[in-house]
Each structure stands twice: as C-alpha cells, then as structure tokens.
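Colleague: Before I use this model, I would like to know what stands behind the words in its description. Can we go through them one at a time?

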There are 2 protein chains.
Amino acid sequence: MALNNPTTQAAVTTADKVFEQMLHAIVDGTIKSGSKISEPELAKNYQISRSTLREALNRLEKCHLIERKANVGSRVVECSIAGLLEIYVVREALEGMACREAANNMTDEEINEMKAMLAQHASAKALQDGVSYYQEEGDLDFHYKVILGSHNQQLINILCGQLYHLVRMYRCQFGMNSPRATKAFDEHSRIIEAIADRDGELAEMLMRRHIAASRKNIEKKIAQQQ
Amino acid sequence: MALNNPTTQAAVTTADKVFEQMLHAIVDGTIKSGSKISEPELAKNYQISRSTLREALNRLEKCHLIERKANVGSRVVECSIAGLLEIYVVREALEGMACREAANNMTDEEINEMKAMLAQHASAKALQDGVSYYQEEGDLDFHYKVILGSHNQQLINILCGQLYHLVRMYRCQFGMNSPRATKAFDEHSRIIEAIADRDGELAEMLMRRHIAASRKNIEKKIAQQQ
DNA sequence: CCACCTAATATTGTCGACATTTTTTCTTAA
DNA sequence: TTAAGAAAAAATGTCGACAATATTAGGTGG
C-alpha cells in the first residue's frame, strides 16, 4: 500500500504520529464514529500536550473524519447509509474523470505497471487463496494507481488525501468487502484496456459504471437487511 | 453572496477572523501567491499569538490555499496555468454530478428560486449596467445554487468549502472575468430547464459542457497571449 | 576562487498556564 | 414536581516560553 499518499508518508513530527494512530483508531472503530472527542482525555492518553493533539485533530478534520464546532469541540464523523452513498456519488464523478485523464496522461510505463498488477491479481485469484487480498488491498491498489495516473494533483489530493480514508472507514465499520470479486476483476481489466487504448471517453464511462455497480450492490444489501 | 458557505459564516473566534482576513488577502493577491509565510511576522502584524495564527493557517490549508512542510513552513499556493486547468477538470466532474443530483433532489421551491434569480440576471443584462455583476457575483451565485441543490454534503463541502476559494483566487489574479456573458447566460438557462424537467442526465451533460467551454476559452486566451 | 564543514541565527514544533465559553449541577420559585 | 435561573465545574481558545529543526553566515582547507 502506502504509495504516494501524503498522509501515510514518514511521520516526522509528534503530531503526525498521533494523527496516524488516531486515523487507524477511527478507521477501525476503536474510536467510535459519532463519539465526542475530549481533548484533555486524549492528550493524557497519548501523553502529549493539547497543542500537539489539536494539530493532529486539524489533520483529521482535513480528511473529514472529525467535525469541529467553535467553543464546543470535535466529534468523529457519523457513519450513515446516506453518508456512504454520498461518497459513492462523489467517487463516481471524480474517479470517472481521473480515469479519463489517466487514459490521456499515463506514461506507457505506468500502463505496463498496471497490467502487471492486474496479472498478479489474476494469479492470486486463480489460487483462491488471495480472495480477501484482492478484495481489499488489490481493489484499493487498482483505484489508487488510476487516480495517480491522472497526473492531476487536485484529483489526487481530494481522492487519495481525503476521501480514501472515509472509504476505508466505511468498509471497516460496515464490514462490506464487496462480494463482487470476480465481476470487479473483469471490470478492472476492461478499464485498463480502455486506458491502454488511450480511449478516455470509454475509460471514464467504464469507471463510472464500475463504481455505480458497487453503489447499487450496497443499496441492494441494505434493502435486504431491512 | 455568503449563502451557506461554512467559511463565510459568522466568525466567532479570533482565529476565524484572522483566517477570513488572510483569505481575502490571498485571494486578491495582497499576500502574493508563491510567497513564504513567516509565522512570527504575521502574528505580529495581526497582533495575535503564533498559536492562533497557526490555527488560521490550518484553515487556509484546508482550502488548499497554502501548503505546509514539516519543520520548514508554509507557502501560499502557486498560481499556474496548469493549476488552473486542473481545477477546471475537477469542477467539470464535480459540478456536472452536482447538477445531475440537483435535477433529482432539488425541491420545487428551490427550482423556482433559481428561475427567479435567472430572470433577475436577465433584466440586469438587458439594462447593460450589470454586465460585470453578472459575470462575477451572478455566475458564482448560479453555480453555488446548483451545488447546494444537489443536497449532497460531500459535494457541497468540496466545491463550496475548498475549490470555491481557489477559483476566486485565480479569477482575481489572472483577471479573467470571462467575456462569455451572453453565451454563459443562455447556457445557464438551458441547465435550469433541464433541472426543472428533472432530466439529470441532460443537466449533467450541459453543465459539463458549460464548464468545459470556460476552460477552452481560457486555453484560447492563453494561446493568444503567447 | 570554490567547496565543504562549523557556528550562529532564525523558524517551526511542543509545552504548560491562563482566559473565555459552554455544560452541568444545584438551588429556588411557581 | 417541574421549570427557570445561578453558581460551579469542565471544556475549548489563546498566550508566551522553551526545545528541536532548518537556514544562513562565516571560516577553513583544497
């Protein structure tokens, strides 16, 4: 994983380290979604001053993982179906565009790397021992590479720097490792083909359908639960 | 203006006020783009402590108006043609989707408000005394209302909370009040029609073309200057 | 004269204390 | 008993000082 994500690169400062710890804790639910954040309490837990903690909180706020109100305090963002669907709408728009731009701007080398990655996923899938790997890390890797391939810093920042963590949080907390592994793999293949053909229009359409399919899958799942 | 923008609502805290002052200063170029930010100097200028200033800087960073490096400091974001075009790509994707969602989710009342606003712009345009008004405030108002009409908090946050300020900065510093007033007005009309018809697909397509046209207009302008 | 290393300076990161605001608790009156 | 208001407690916002890091200035050797 890791790659170029600015939020996962070497943490040099204390606030960075605490930010990463809290990031994990929020993503995996150790710090419950919707809960209030007590600055004095957390500062004591992490054995740092409140100033440093607040610095970390600011980074979390940048990722939209916590929300602050003046003179009142911070809360971990609430996980809701509506919120999850909102994110999918944004992803459909942004990753679709990223895919179009990737088709235009990726280097041949980057495209070859993607093909190699897909081949690796294919063998892992065939072996049947990497299903969960493919579903989680593999899927994220794929989307990550496409986004970086857009070579558009704004797109990269918004998707990898902000939304990425929210997506992971929802995956963890709602426990939805989409059971679309095989289908998703085929869709990934076709997207890479379109990129390799430098067909931006098709690439965008396929990516949008790919993400929309995920969203509809979730909607169906939710409907069944009720 | 103002509306629901979280960054323009009543500033209660000192850091908020300083944030807004710096926001304006950066947008209009008083604080030059690309320049380094000296914390001790600015803290003295605004007569506040460094802690408070840093709080304001964090807000500016959330809007992508400044960039921070650990142990080195902050810089105002650099204005470049490439950067401007990147923003247009993101806007095309996000505002296009916002427009689709607006067609689905806007209340009839909101639609009527938009129609009223457009009529007002039309009369101002007819009188020929509000051309600049239409180009600046009016255009922003239109896009603002569409975005809010999506009823998607993520879209609203990203577009109105972050990109909005960057867009204004580029408009100010590059001095491009697009000379597309008449054309833009017609495009706005058609977009509202599509929204009123609840035709999300068409609404998205029209908004994307509208923004792409702006982008191409800028590209043409740049090409002429060289 | 230039490159490299070292010392001095300035800047950023972190800390603990105080000021202000909000929340809670307790009292009092209807 | 409940509601409203006042006092107490706790939380957030702001401040100035110290520590750690980066930048600059100066000196030495090639």
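Modeller: One definition comes at the start: two strands count as a pair if DSSP finds at least two bridges between them. Keep in mind that this is a predicted model.

Colleague: What makes E2(A) and E3(A) a pair?

Modeller: Strand E2 of chain A, residues 66–69, is joined to E3(A) by four bridges in the antiparallel sense. The cut-off is at least two bridges, so they pair. One of the positions involved is A:Glu67, whose bridge partner in E3(A) is A:Arg75.

Colleague: How do you know that E1(A) and E3(A) pair?

Modeller: Two bridges link E1(A) and E3(A), again antiparallel. The rule asks for at least two, so this pair qualifies. A:Ile37 stands opposite A:Ser74 in E3(A).

Colleague: What lies between E2(A) and E3(A) in their hairpin?

Modeller: Three residues separate the two strands of the hairpin, and A:Asn71 in the turn has a positive phi of about 65°.

Colleague: Which residues of E3(A) are on its covered face, and which on its uncovered face?

Modeller: In E3(A), residues 73–76, the covered face holds A:Ser74 and A:Val76, while A:Gly73 and A:Arg75 are on the uncovered face.

Colleague: In chain B, why are E1 and E2 called edge strands?

Modeller: The chain B sheet is open, with three strands in the order E1-E3-E2 and antiparallel pairing. E1 and E2 (66–69) of chain B each pair on one side only. E2(B) is joined to E3(B), residues 73–76, by four antiparallel bridges. The threshold is at least two, so E2(B) and E3(B) are a pair. B:Glu67 has B:Arg75 as its bridge partner in E3(B).

Colleague: How do you know how many disulfides the structure has?

Modeller: A search over all chains finds zero. Take B:Cys79: the closest cysteine sulfur, in B:Cys172, is 10.0 Å from its own, too far for a bond.

Colleague: What share of chain A is buried?

Modeller: Buried residues are 52% of its 226 residues. The chain has nine helices and three strands, in the sequence pattern α-β-α-α-β-β-α-α-α-α-α-α. Of the contacts in chain A between residues at least 6 apart in sequence, 77% join residues at least 24 apart.

Colleague: What makes the approach of A:Thr14 to DNA strand C a polar contact?

Modeller: A polar backbone atom of A:Thr14 is 2.6 Å from a phosphate oxygen of DNA strand C. The limit is 3.5 Å between N or O atoms, so the pair qualifies. A backbone N or O atom of B:Ile37 is 3.3 Å from a phosphate oxygen of DNA strand C, which is also within 3.5 Å. B:Arg50 reaches a base instead: a side-chain N or O atom lies 2.8 Å from a base nitrogen of DNA strand C.

Colleague: And which residues are closest to DNA strand D?

Modeller: For DNA strand D, 20 residues surround it, the closest being A:Arg50, A:Arg54, B:Thr13, B:Thr14 and B:Thr52. Sugar and phosphate make up 69% of the DNA strand D atoms within 4 Å of the protein.

Colleague: How do you know that A:Lys36 makes a polar contact with DNA strand D?

Modeller: A polar side-chain atom of A:Lys36 is 3.2 Å from a phosphate oxygen of DNA strand D. That is within 3.5 Å, so it counts. The side chain of A:Arg54 has a polar atom 2.5 Å from a phosphate oxygen of DNA strand D, and a side-chain N or O atom of B:Thr52 is also 2.5 Å from one.

Note on methods. Residues are numbered from 1 along each chain as its sequence is written. Chains are lettered from A and ligands numbered from 1 in the order in which they are written. This is a predicted model: local features need pLDDT of at least 70, side-chain atom pairs count only at pLDDT 80 or more; totals for chains, interfaces and linings use all residues. Side-chain values use heavy atoms; hydrogens and water are left out. A polar contact is a pair of N or O atoms within 3.5 Å; within protein, one must be able to donate a hydrogen and the other to accept it, and residues adjacent in sequence count only if both atoms are side-chain atoms. A disulfide is a pair of cysteine sulfur atoms within 2.5 Å. A residue is near a molecule or strand if one of its heavy atoms lies within 4 Å of it. Buried means under 20% relative accessible area, exposed over 50%, partly exposed in between (1.4 Å probe, protein chains only). Contact means heavy atoms within 4.5 Å.
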